[in-house]
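Please read the points below with the sequence and the model open side by side. They are meant as a colleague's note, arranged by topic.

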Amino acid sequence: MRITVLTVVDCPNARPALQRLAAALDGREAQVELIEVADEAEAARRGMYGSPTILIDGTDPFAPPGAVPSLSCRLYRDAHGTASGVPDETALRRALAGTITPDQDAGATNCCTPQPPDALDVVGRAGRGRRAPAERGLRAVHQQILRHFAATGAAPDAQTLQPLAAGAGRSATEVLTELADEDFLTLDEAGNIRAAYPFSAAPTRHRVRLDNGVEVWSMCAIDALGIPAMLGRDAVISSTDPVTGAPVTVTSVEGATRWEPPSAVVFVGQRPGGGPAASACCDALNFFIDPANAHAWTSRHPDVPGRVVDQSEAECIGSQTFGPLLAP
């Protein structure tokens, strides 16, 4: 039996996946190989549907119908619906025994399928993704901004970013302006960073406490859910229901999440008129304690089209949108 584990560099779930495989194999002989995938072209060639992807004799037994190759963090669900960054041992044993096929809903393992054009077009830049291009210093500066937020809870200033911009023969102001024009971030009137999705420099409804003690604000519910996947860190998301003000908490530990209350959902919507995500939809992507409250909010805001998504889909959207941002 030949088993290949496809991951991205520094994927926090690579080692847990290998450990889970060893437990599922239970001493049976198998050739296990770990491969770090560098870019989307290689992901497509190897059949990688998020990190980590487990191939058994060249086949992904957990790939959902319609899945597309991806470098983003991958979510799996066990029989109870709990999300994790690796398949559970029972599902792996079944896969190794050949009792799960690629087109079968394994129940235990599911990543979200591609989304239809809707409010999420703004979140994901109409399918272009939120990872800045490598040219003209854009990606280097963008990634430094995200890392600065994660390390300090605040946005860096232009002076901090100038050495990276200079390496591309540009000024930090030039790079920041281009990033803002392409909606990778937003600037205030003085040219300071106001937000760099998924982070906000100003307080919002959504607070994320990272396992290193740093606390950051996120722009919306989907952004908050994307932060643990992007950073590969444990985190606690604290938000409130816009209807009642009741708290909603999402705890992410080693890729597994726990929602409180268990009935919580997310509404994703987009205000008419287009424009940057910060103004078009960020205030319309919120946590609610249950579907009834989400629908109550939509009835009060008929001008905001959108839909209610369950926890699994919300997590997958966040992971797929922001998981790849710090990849090379």
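**Notes on the predicted model**

1. In β10, Ser-200 is the bridge partner of Ala-195. Strands count as paired here if DSSP finds at least two bridges between them, and helices (H or I, at least four residues) and strands (E, at least two) are DSSP runs numbered from the N terminus.

2. On provenance, this is a predicted model, in which local features need pLDDT of at least 70 and side-chain atom pairs count only at pLDDT 80 or more, whereas totals for chains, interfaces and linings use all residues. Residues are numbered from 1 along each chain as its sequence is written, and side-chain values use heavy atoms, with hydrogens and water left out.

3. The β9-β10 pairing is part of an open sheet of eight strands, with antiparallel pairing and the order β8-β9-β10-β12-β11-β13-β14-β15. At its edges stand β8 (186-187) and β15 (256-260), each with a single partner strand, so one side of each is left without a neighbour in the sheet.

4. For the chain as a whole, there are 11 helices and 18 strands. Of the 328 residues, 50% count as buried, where buried means under 20% relative accessible area, exposed means over 50%, and partly exposed lies in between (1.4 Å probe, protein chains only). Taking contact to mean heavy atoms within 4.5 Å, residues 24 or more positions apart account for 63% of the contacts with a separation of 6 or more.

5. Strand β16 (residues 265-269) and β17 run antiparallel and are joined by four bridges, and the bridge partner of Phe-267 in β17 is Asn-286.

6. Gly-306 lies in strand β18 (residues 306-309) and is partly exposed, with a relative accessible area of 47%. Leaving aside neighbours within four places in sequence, Gly-306 is in contact with Phe-267, Val-268 and Gly-269. The C-alpha atom of Gly-306 is separated by 8.6 Å from that of Ala-284, a residue 22 positions away along the chain.

7. Which residues does Ser-70 touch, not counting those up to four places away in sequence? They are Ala-43, Met-48, Tyr-49 and Gly-50. Ser-70 lies in strand β5 and counts as buried at 16% relative accessibility. The side chains of Ser-70 and Ser-72 are joined by a polar contact of 2.7 Å; such a contact is a pair of N or O atoms within 3.5 Å, where within protein one must be able to donate a hydrogen and the other to accept it, and residues adjacent in sequence count only if both atoms are side-chain atoms.

8. The second largest pocket has a volume of about 440 Å³ and is lined by 22 residues, of which Val-9, Asp-10, Met-230, Leu-231 and Leu-326 lie nearest its centre. The elements giving two or more residues to this lining are β5 (70-73), α5 (138-152) and α8 (221-231), and α8 gives the most, with three residues. A pocket, on a 1 Å grid over the protein atoms alone, is an open set of points where a 1.4 Å probe fits, with protein on both sides within 12 Å along at least five of seven lines, and lining residues have an atom within 4 Å of a point.

9. Some backbone geometry deserves a check against the model. Most residues other than glycine have a negative phi, and most peptide bonds are trans. The peptide bond from Ser-51 to Pro-52 is cis, with omega near 0 degrees, and Pro-52 lies in the loop between β3 (49-51) and β4 (53-56). The bond from Glu-260 to Pro-261 is cis, with omega near 0 degrees, and Pro-261 is found in the loop between β15 and β16.

10. Positive phi values are found at Arg-136, near 60 degrees, and at Asp-183, near 65 degrees. Arg-136, in the loop between α4 (120-123) and α5, counts as partly exposed at 40% relative accessibility. Asp-183, in the loop between α7 (172-181) and β8, is buried, with a relative accessible area of 11%.

Key. Points joined across faces, edges and corners; volume = space filled by probe spheres on them.
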